Number of protein chains: 2
Amino acid sequence: MNIWNGAGRHIHMQEVGTRDGLQAETAFVATEDKIALVNALSQAGMAKIEVTAFVSPKVIPALSDADAVLRGIERRPGVVYSALVPNVRGAERAIEAGADELNLVMSASETHNLANLRMTRSQSFSALSEVAGIAREAGVATNISLSCTFGCPMEGDVPEATVLDWCDAFVGSIGARGITLCDTTGMAYPGQVALLTRKFRERWPDTELTLHFHNTRGMGLANVLAAIDGGADRFDASLGGIGGCPYAPGATGNVCTEEIVHSLELMGYDTGVDLGSLIDASKRLPALIGHDIPSQIVKAGRRLDLHGLPGDFEAIRQRAHSR
Amino acid sequence: MNIWNGAGRHIHMQEVGTRDGLQAETAFVATEDKIALVNALSQAGMAKIEVTAFVSPKVIPALSDADAVLRGIERRPGVVYSALVPNVRGAERAIEAGADELNLVMSASETHNLANLRMTRSQSFSALSEVAGIAREAGVATNISLSCTFGCPMEGDVPEATVLDWCDAFVGSIGARGITLCDTTGMAYPGQVALLTRKFRERWPDTELTLHFHNTRGMGLANVLAAIDGGADRFDASLGGIGGCPYAPGATGNVCTEEIVHSLELMGYDTGVDLGSLIDASKRLPALIGHDIPSQIVKAGRRLDLHGLPGDFEAIRQRAHSR
């Protein structure tokens, strides 16, 4: 396969902006606006949408309306509606509200897991197992997002073997349908991504593998392509590129959905996503969150969104030709 | 070759920020600051630096000190000091001030050439030939930058055959040492880049080929990698990512030197550039140009620039372990 030419290969695009993006915002986006956003993303053709998170409203007030949002959206057949849940209570709420999939989170880095989740990794793993049991009983699929798989902002490199050992536990002990390898703070680089992806795919060909990149150091798209080269076909991305990095104020967050779709479609990959609808949805974001968005496609337009001639072009042309 | 693993392959990094970047700024950067910037870039290990442009001070006042800058810099052996020249007068000034190389510009798009240079392409080609003759007599190398090789913001796609025909004329009739394929407004995409680069390299293996990308639509690094895969080993980039896009206010301009070097070095390519020195130089830019710079590396730091533990980390850890 030539990685620069998709030749129609299908790539599943998964939206995380309504969860990973909005949770980082100080503005509370009205429930009806969140619902409209999810509906627009469904209509645009996203394969999966992480609609919200069932977390404590005290910890993340921006997503305190998780129940209402998940119950309020229009379900488009074929789209998987996922919700992040941190614990049993969250799982019960998410299942009751109709989540198709629960997304559970822990970190590949002990330090990051402690700092972020206030548990050791093995405590987190036990908690995840319990939550996964509840999902299994309810017939709801489980995905596990493993943070810091490409590096920890406090520890540095995380050994590949550590990442693969945790994945082994998720597939073997927990029976997760899917695993997301998360580049939580933008430390992944293409060489590393291609190798880890290939090892994962060879070892667990039947597990749904998602790659979750942040564009913090400008390597987002290159990492997506390296992952595709390693056998991946599912990517998280965030509308407008919203979702910052707590470790780097001002840095961009998740890779931008419309940028990735724009690039992949130009290269002949089939994302199943209507780019125009996506851009329309993204353009609504600044008014909702109260600030500009990183999206380069919203700023610059699509590659072939052409510009008019200068007003004096005909005069210039005639002057040139009369020389 | 595995594109994700450079395996020590050498990539020549060429700085254009002091010309392509500064010419777009409204602030006039003091001559001594420009000189210090070029000297810092020399010391960092850039292979070539487009120091300035010998253009009319009325048209580009930001570079009105071209003579003083080019005469004032310290020459580091091995670094090529290039200058953009639009005409015979500019060429004479640049040669007199000691330019190692003249960079001449025309566009692959008739519309863009007329709008930008107020000449037909064939008029531009005649003018370029005359300037190249002066350079040849003076024993100074000539590079020709062909704008809009990957698309024109007014015409749209530019046929590959058109681009290759102009390159043929540059190599055959003008005898240019080098050609730069410029993605003037960020329309290039990796599939296109890999193909065009390979065709160029196969046809003119002895001509110095540079790729000049803008990150306007987020494809800068991916395009660099696609070009390497097609056989390229020279790239223009701009310190801090300065240099906007006149067709897309707010959009980023040239690919950012420190982002490209950071990525390529992580992937095992040898750029010969000291990243720390580059970042130090880039950090001076906001004070010089009066605004923030796009550089994600200045914002977020290098991949392994680690962050400290939270202040209450030890308490968290002990609490977790006591459970």
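This is a predicted model: local features need pLDDT of at least 70, side-chain atom pairs count only at pLDDT 80 or more; totals for chains, interfaces and linings use all residues.
## Cavities

The model has four cavities of 30 Å³ or more. The largest cavity has a volume of about 90 Å³. Its lining is made of 14 residues, and those closest to its centre are A:Gln14, A:Lys48, A:Glu50, A:Glu101 and A:Asp236. Four strands of chain A give two or more residues each to this lining: β1 (12-15), β2 (48-53), β4 (101-107) and β5 (141-147). The largest share comes from β2(A), with three residues. Sorted by class, the lining of the largest cavity holds two nonpolar, seven polar and five charged residues.

Chain B supplies its lining, which consists of B:Gln14, B:Glu15, B:Val16, B:Lys48, B:Glu50, B:Ser82, B:Glu101, B:Asn103, B:Asn143, B:Ser145, B:Thr180 and B:Asp236. The elements with two or more residues in this lining are β1 (12-15), β2 (48-53), β4 (101-107) and β5 (141-147) of chain B. One nonpolar, six polar and five charged residues make up the lining of the second largest cavity.

## The second largest pocket

The second largest pocket contains about 1,300 Å³ of space. It is lined by 47 residues, and A:Arg19, A:Gln23, A:Ile60, A:Asn116 and A:Leu117 lie nearest its centre. At least two lining residues come from each of α1 (17-21), α4, β4, α5 (110-117), α6 and β5 of chain A. By class, the lining of this pocket has 23 nonpolar, 17 polar and seven charged residues.

| Helix pair | Angle | Axis distance |
|---|---|---|
| α4 (88-96) and α6 (121-138) of chain A | about 20° | 9 Å |
| α6(A) and α7 (160-174) of chain A | about 30° | 11 Å |
| α2 (31-44) and α11 (275-283) of chain A | roughly 165° | within 8 Å |

How do α4(A) and α6(A) lie to each other? Angles under 35 degrees count as roughly parallel. The axes of α4(A) and α6(A) pack at about 20°, and the two helices are therefore roughly parallel to each other. Their crossing is right-handed. On the side of α4(A), the contact is made by A:Val88, A:Ala91 and A:Ile95, and on the side of α6(A) by A:Glu130, A:Val131, A:Ile134, A:Ala135 and A:Ala138. Seven of the contact residues are nonpolar, none is polar and one is charged.

Helix α6(A) also packs against α7(A), at an angle of about 30°. That angle makes α6(A) roughly parallel to α7(A). Here too the crossing is right-handed. The residues of α6(A) in this contact are A:Arg121, A:Ser122, A:Phe125, A:Leu128, A:Ser129, A:Ala132 and A:Arg136. From α7(A) come A:Thr162, A:Trp166, A:Ala169, A:Phe170, A:Ser173 and A:Ile174. The contact of α6(A) with α7(A) has seven nonpolar, four polar and two charged residues.

Which way does α11(A) run relative to α2(A), parallel or antiparallel? Angles over 145 degrees count as roughly antiparallel. The axes of α2(A) and α11(A) cross at roughly 165°, and these helices are therefore roughly antiparallel to each other. In this pair the crossing is left-handed. The residues that meet are A:Leu37, A:Ala40, A:Leu41 and A:Ala44 in α2(A) and A:Ser277, A:Leu278 and A:Ala281 in α11(A). This contact has six nonpolar residues, one polar residue and no charged residue.

Terms used:
Residues are numbered from 1 along each chain as its sequence is written. Chains are lettered from A and ligands numbered from 1 in the order in which they are written. Side-chain values use heavy atoms; hydrogens and water are left out. On a 1 Å grid over the protein atoms alone, a cavity is a set of points where a 1.4 Å probe fits but cannot get out, and a pocket is an open set with protein on both sides within 12 Å along at least five of seven lines; lining residues have an atom within 4 Å of a point. Grid points are joined across faces, edges and corners, and a volume is the space filled by probe spheres set on the points. Ala, Val, Leu, Ile, Met, Phe, Trp, Tyr, Cys and Pro count as nonpolar, Asp, Glu, Lys and Arg as charged, and the others, Gly among them, as polar. Axes are lines fitted to C-alpha atoms, for helices over the stretch in contact, and angles run from 0 to 180 degrees between N-to-C directions. Angles under 35 degrees count as roughly parallel, over 145 as roughly antiparallel, 65 to 115 as roughly perpendicular and the rest as oblique. A crossing is left-handed if the near helix is turned anticlockwise from the far one by less than a right angle, and right-handed if clockwise. Contact means heavy atoms within 4.5 Å.
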